[in-house]
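Colleague: Before we go through this model together, I would like to learn how its features should be read.
Modeller: Then let us take them one at a time.

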Amino acid sequence: MAPLQPYQGPARKLVVAMDIGTTYSGVAYAVLDPGQIPKIQGVTRFPGQENAAGDSKIPSILYYRRDGTVYAIGAEAALPGIELDAEDEDLLYVEWFKLHLRPESLDSDEIKRRDLPALPEGKTVLDVFVDFTRYLFDCTQRYITESHANGESLWASVKDRIEFVLSHPNGWEGLQQGKMRQAATMAGLVPDTQEGRARVHFVTEGEASLHFCIRSGLATDSITDGENVMIVDAGGGTVDISSYSFVSTSPLSVEEIASPDCILQGSTRVNGRAKAFLQERLKDSAYGNEEDIKAMLEYFDKSTKPVFRDPTEQSYIKFGSMGCNDPKAKIRRGQLLLTGPEMEAFYKPSLDAIVQAVQKQRETASRPISTVFLVGGFAASPWLFAHLQHAIKPFGLTLCRPDSHTNKAVAEGGVSFYLEHFVAVRVIKMTYGTVINTSYDVNDPEHISRSWKMIIRPSGRVVIPDSFSPILTKEVLTRMASQGTRVRGTTEVSKGYFKEARELKTLDTMSAEIICYRGKKEDPRWVDLEPECFTTLCTIFADTSEVAKTPRKGRNGTHYSQSFDVVLVCGLTELQAQIRWVENGVEKRGPAKIVYDDDLELAP
């Protein structure tokens, strides 16, 4: 793999990538000096982990006091004796908080939001993200100032010029990105201004993993022009599947060839099945109490699960003391026996779901795939690797994984994403548009069936509400490609609209809701036919108070009209939208700031 290129910017800055995972989190960074080749580094020293220097991950856990303040985070929340402190001080334990932020569309039959560990009363998932993000930022500052020569002066020189890259699962959308950006501002990473918010960037975990594989040499040592690969990022909460084509290896150019997928079958589901199994086996045992089962699950997660590989061998969970015995529950001298088939039953649903997702990705990809790269914390499981390798071999797929450090793939890949942007073309997952009032057509059966909804506008025009106007669709992308335009990060798609009103001041501001459609219709026309398939992604605004508006005479008297375009920038890992209009013959644009639907009351 070719080395990173020297930084071409005019002044020193810092890029920090944060990977807040369901079970573990990490940070990577690079100091960017003009003319110098950047070096991607990980934060490898955290409070409470001094005896494990070099570890690039901390557990994504917190303890809160009853008054809502933080007691301990990360490795400090996993120190020996912390459970006694929690009991003495009545602390509240938080884990897996990231999954509370996921889109409702990711709910599965096996895990739903109500099944997740509850957040403390009075705490929202945004509150927890703010606390955890602030902690990671503080740890990053401490690490850089302590690890670099003249670290204090280095930090002082970049503290107002830090670019942040936040990673998230493939299945997360604009609403989740908006919450994460809001958490970044509330945590003090950037000021809550347009310029500050613009310093927060997003990358999917699948694409960050691709960058890691490329940078580590795994995806480039044997890759040739035109080869196609799949990335399976198996983490704690989700498994993200992405597929790419190496259009060129010199210079490196990559294109997405299938819509990314995300399933809730990470390693936490193995723990969840183990917990249900233990509760059932021990329901009549003296060791079926909550405290003993919690101790068993902790040992299972740290010691039993990571080494399981052979279903012909037995596994053990240690807990309590050597005096703990219950032959009926297969407990002897403080060790609970698990047979190989019992252990496999914890893993198999996740394996089956991953294989199914891989097969789906392979079938929908626009080009044939030959190699699959397995990364993420769950990838370290010898059982998962061996069985996934065996399961996808009949598909003609070869499975590879890095020898080590798969747990830092997303954080380091996030920095590489900011520096290099290997992926030039992406596939959109949904159709994006807006809801409009459409002119009533007396010959259209769909209009006739909705005639009871008719509205008469100030101009006298008769309209029907709830019409979906697509702006960005796969058809649009195909048409642009056929005209020789590659759909890249700067590609804009727009559509014109207008608004009319009796009062002039009504048109001083324009707004439009960006709606996404997840259904299967190629040409969705009406929101009321499949309301469950339409979701409000964001609302955009524009100040049009300076536009000269000419009064017009209509059937219902004098009225005013304002024309504008809704512009979507596609191909980015974060969808951007804005309103465009003409003012005194000059094109104007509203800010690209996206105000998310459930945050409207928080907007200044």
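Colleague: Which residue in S22 is the bridge partner of threonine 434?
Modeller: A word on the source first: this is a predicted model, in which local features need pLDDT of at least 70 and side-chain atom pairs count only at pLDDT 80 or more, while totals for chains, interfaces and linings use all residues. Residues are numbered from 1 along each chain as its sequence is written, and side-chain values use heavy atoms, with hydrogens and water left out. In general, strands of a sheet pair through backbone hydrogen bonds, either parallel or antiparallel. Here the bridge partner of threonine 434 in S22 is serine 469.

Colleague: How many bridges join strand S20 to strand S22?
Modeller: Strands are DSSP runs of E with at least two residues and helices are runs of H or I with at least four, both numbered from the N terminus, and two strands pair if DSSP finds at least two bridges between them. Strand S20 (residues 431–439) and strand S22 (residues 462–472) run antiparallel and are joined by seven bridges. They belong to an open sheet of five strands, ordered S21-S22-S20-S24-S25, with antiparallel pairing. Strand S21 (455–456) and strand S25 (534–543) stand at its edges with a single partner strand each, so one side of each is left without a neighbour in the sheet.

Colleague: How many aromatic pairs does the count come to?
Modeller: Rings of Phe, Tyr and Trp (its six-membered ring) pair if their centres lie within 6.5 Å, and planes under 30 degrees apart count as stacked, over 60 as edge-to-face and the rest as tilted. By this rule there are 16 aromatic pairs. In one of them, tyrosine 29 and tyrosine 143 are edge-to-face, 6.3 Å centre to centre with 70 degrees between the planes. This pair links distant parts of the chain, 114 residues apart, with tyrosine 29 in strand S2 (residues 24–32) and tyrosine 143 in helix H2 (residues 125–147).

Colleague: Is tyrosine 143 buried or exposed?
Modeller: Buried means under 20% relative accessible area, exposed over 50%, and partly exposed in between (1.4 Å probe, protein chains only). Tyrosine 143, at 11% relative accessibility, counts as buried, and tyrosine 29 is buried with a relative accessible area of 0%.

Colleague: What sits over the ring of tryptophan 172?
Modeller: A charge sits over a ring if NZ of Lys or CZ of Arg is within 6 Å of the ring centre and within 35 degrees of the ring normal. Over tryptophan 172 sits the charged end of lysine 98, 5.7 Å from the ring centre, and arginine 401 lies over the face of phenylalanine 385, at 4.1 Å from the ring centre.
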